[in-house]
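Here is a short briefing on a protein chain. Look at the sequence and the structure first, then read the points by topic.

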Amino acid sequence: MGFRNLLGGALLAALTSTAALAAPPPGHAGNPVFPGWYADPEAAIFNDTYWIYPTTSLKYAEQRYFDAFSSLDLVHWTKHPHVLDIKDVPWAKKAMWAPALAEKDGKYYFFFAANDIQSDKELGGIGVAVADKPEGPFRDLLGKPLIDAFHNGAQPIDQFVFHDDDGTWYMIYGGWKHANIVKLKPDFTGVEPMADGTVFKEITPAPEYVEGPLMFKRNGKYYFMWSEGGWTGPDYSVAYAIGDSPLGPFKRIGKILEQDPKVATGAGHNSVFHVAKDDSWYIVYHRHPLGDTNGNHRQTSIEHMYFDKDGKILPVKITNEGVKANPLRP
Ligand code: FUB
């Protein structure tokens with residue numbers, strides 16, 4: 001590499017790190033929205049409060065707890081340390097990943113993966129913990145994983161819980177390039193067969209699917225989002241499909257979230273906030289700071305997510321300034 005290129009690289013790094021550290025414009029959240037290495041953010045709204053439950057992005061052996069963050073306006077965030085700790089999950093040893101939250105009958109349920117199992121011979125998979133409040137403390141519900149084996153090739157990680165209009169609770173999950181949907185028992189203690197008798201239904205939408213599935217419903221259509229690429233690298237990204245049923249079929253429409261070489265790399269593993277009062281949508285995701293080479297250095301960020309008149313999701317512009325305040329309470 002010539003001197004000119006070296007100088008250019010150094011200058012660029014200096015400029016971009018200055019931009020990343022610069023205070024956001026007044027009234028904006030700034031990205032990342034809170035300090036620290038946090039990935040796989042799960043967005044939830046409980047009691048007119050925004051919540052984010054991320055993975056603690058450390059080495060697998062150190063991923064032994066989850067922190068949560070709450071905000072009344074999307075701009076000011078309060079940290080709630082160790083809302084779920086490995087000491088309260090007897091079967092978990094490491095690699096606690098990708099929270100999914102659900103509120104049901106006054107209780108809060110925290111689904112998570114643990115142990116990064118590589119085969120059915122290992123103990124681990126997807127578990128569930130319960131608490132009386134969104135800030136926990138959450139305690140393991142079952143004393144064992146809820147899903148503890150591979151089905152249809154899907155590693156039991158990256159769960160997302162979807163409550164359909166008809167009252168059915170589904171879980172969509174899966175790593176290793178396969179996604180499954182299951183119907184949860186009403187008390188979340190396990191899974192039960194769907195109408196056709198299937199328990200683990202594969203809904204992998206495209207060969208590009210890797211992990212991090214998510215589902216929501218808008219104007220009668222089911223939106224399925226997921227991550228593509230490798231999470232440690234720059235190309236991690238989010239694509240989506242639209243279907244008429246949560247069970248599919250789903251056909252990939254295209255990518256809507258990816259790196260911007262001027263802002264950040266590896267933008268992926270998302271969730272969404274839908275604010276009913278103004279029908280606004282936000283995408284919550286993690287990304288790597290520019291120039292960083294540590295795959296675990298992931299930071300949580302928020303952007304607006306817009307739809308076109310036909311219901312397609314518009315490509316998201318990733319930013320350093322982030323979103324403006326949007327209080328949920330009058
Ligand atoms: O954070 C651990 C793993 O990285 C997640 O389960 C994957 O989706 C990837 O984001």
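Predicted model: local features only at pLDDT ≥ 70, side-chain atom pairs only at ≥ 80, totals over all residues.

Residues are numbered from 1 along each chain as its sequence is written, and side-chain values use heavy atoms, with hydrogens and water left out. Strands (E, at least two residues) are DSSP runs, numbered from the N terminus.

**Two open sheets**

- Strands of a sheet pair through backbone hydrogen bonds, either parallel or antiparallel.
- Here, two strands pair if DSSP finds at least two bridges between them.
- Seven bridges link S1 and strand S2 (residues 49–56) in the antiparallel sense. Ala43 faces Ile52 of S2.
- Another open sheet of four strands runs in the order S14-S15-S16-S17, and its pairing is antiparallel.
- S14 and S17 are the edge strands of that sheet, each pairing on one side only.
- There, the twist averages 25° from one strand to the next.
- S15 and S16 run antiparallel and are joined by seven bridges. Met225 has Tyr240 in S16 as its bridge partner.

**Nonpolar cores**

- In soluble globular proteins, nonpolar side chains tend to be buried together.
- A nonpolar core is a set of buried Ala, Val, Leu, Ile, Met, Phe, Trp, Tyr and Cys residues joined through side-chain atoms within 4.5 Å.
- Buried means under 20% relative accessible area, exposed means over 50%, and partly exposed lies in between (1.4 Å probe, protein chains only).
- The largest nonpolar core has 36 residues. Phe216, Met225, Ile256, Leu257, Met305 and Ile313 touch the most other members.
- Several strands each supply at least two residues of this core, among them strand S14 (211–218), strand S15 (221–228), strand S16 (237–243) and strand S17 (251–257).
- S15 gives the most to this core, with five residues.
- Which residues does Leu257 touch, not counting residues up to four places away in sequence? They are Ser237, Val238, Ala267, Gly268, Ile283, Tyr285, Val316 and Ile318. Contact here means heavy atoms within 4.5 Å.

**The largest pocket**

- A pocket is an open set of points on a 1 Å grid over the protein atoms alone, with protein on both sides within 12 Å along at least five of seven lines. Lining residues have an atom within 4 Å of a point.
- The largest pocket has a volume of about 680 Å³. That volume is the space filled by probe spheres set on the grid points, which are joined across faces, edges and corners.
- The lining of the largest pocket has 24 residues. Ala43, Phe160, Val161, Met215 and Val272 are the closest to its centre.
- S1, S5, S9, S14 and S18 each supply at least two lining residues.
- S1 gives the largest share of the lining, five residues.

**Backbone details**

- Gly136 and Pro137 are joined by a cis peptide bond, with omega about 5°. Pro137 sits in the loop between strand S7 (125–131) and strand S8 (139–140).
- Gly248 and Pro249 are also joined by a cis peptide bond, with omega about 0°. The loop between S16 and S17 holds Pro249.
- His82 is not a glycine, yet its phi is positive, about 50°. His82 lies in strand S4 (residues 78–85). At 38% relative accessibility, His82 is partly exposed.
- Ala95 is not a glycine either, and its phi is positive, about 50°. Ala95 is found in the loop between S4 and strand S5 (97–104).
- Is Ala95 buried or exposed? Ala95 is buried, with a relative accessible area of 0%.

Terms used: 1 Å grid on protein atoms, 1.4 Å probe; cavity = no way out; pocket = protein on both sides within 12 Å on 5 of 7 lines; lining within 4 Å. Axes fitted to C-alpha atoms, helices over the stretch in contact; angles between N-to-C directions.
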